[in-house]
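I opened this structure to look up a few things about its helices and its surface. My notes follow in the order I made them.

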Amino acid sequence: MLAGLIYAFASSRSVYLALGHAMIVTTQWVPFFALCFVRLLDRWRTRDALLAGLFLALALLTDMLYGVLLGLIAGVL
């Protein structure tokens, strides 16, 4: 919980928000996708697949470059 709070309110994210770089500020979908994808590989539940797909879609709505990043993460895992 503490690590999540530190990540969410880090000064680097605030600086990018002030500069108008929404792509850098909205990186929260990447760890959510990674968590659900790892759970999907471990348990093979439909719920985990749907959540991973949802977080992938939300990341792609933020910026299409996240598709490349999440594809690399999925390939490595």
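Contact here means heavy atoms within 4.5 Å, and buried means under 20% relative accessible area, exposed over 50%, partly exposed in between (1.4 Å probe, protein chains only). Helices (H or I, at least four residues) are DSSP runs, numbered from the N terminus.

I noted that this is a predicted model, in which local features need pLDDT of at least 70, side-chain atom pairs count only at pLDDT 80 or more, and totals for chains, interfaces and linings use all residues. Residues are numbered from 1 along each chain as its sequence is written, and side-chain values use heavy atoms, with hydrogens and water left out.

Next I listed the buried residues of H4, which are Val30, Phe33, Cys36, Phe37 and Leu40. Seen down the axis of H4, they fall within an arc of 135°, so they line one face of the helix. The arc is that of the directions from the helix axis to the C-beta atoms. I reminded myself that an α-helix has 3.6 residues a turn, so residues three or four places apart point the same way.

I checked the span of H4. It covers residues 29-43, 15 residues, and reaches 21 Å from its first C-alpha to its last, close to the 21 Å expected at 1.5 Å a residue. The expected span is 1.5 Å times one less than the number of residues. After H4 comes tryptophan 44, with a positive phi near 55°.

In H5 (residues 46-62) I picked aspartate 48. Is aspartate 48 buried or exposed? Aspartate 48 counts as buried, because its relative accessibility is 0%. Leaving aside neighbours within four places in sequence, I found aspartate 48 in contact with Cys36, Arg39, Leu40 and Arg43.

A nonpolar patch of about 730 Å² is made by Val15, Tyr16, Leu19, Met23, Ile24, Leu65, Val68 and Leu72. Areas come from the Shrake-Rupley method with a 1.4 Å probe; for residues, only the protein chains shown count as cover. Helices H2 (11-19), H3 (22-25) and H6 (65-76) each supply at least two residues of the patch. I looked up leucine 72 in H6; leucine 72 is exposed, with a relative accessible area of 56%.

Notes: Patches are made of residues with over 30% relative accessible area and no salt bridge: like charges are joined within 9 Å, nonpolar side chains (Val, Leu, Ile, Met, Phe, Trp, Tyr) within 5 Å. A salt bridge is a side-chain nitrogen of Lys or Arg within 4 Å of a carboxyl oxygen of Asp or Glu.
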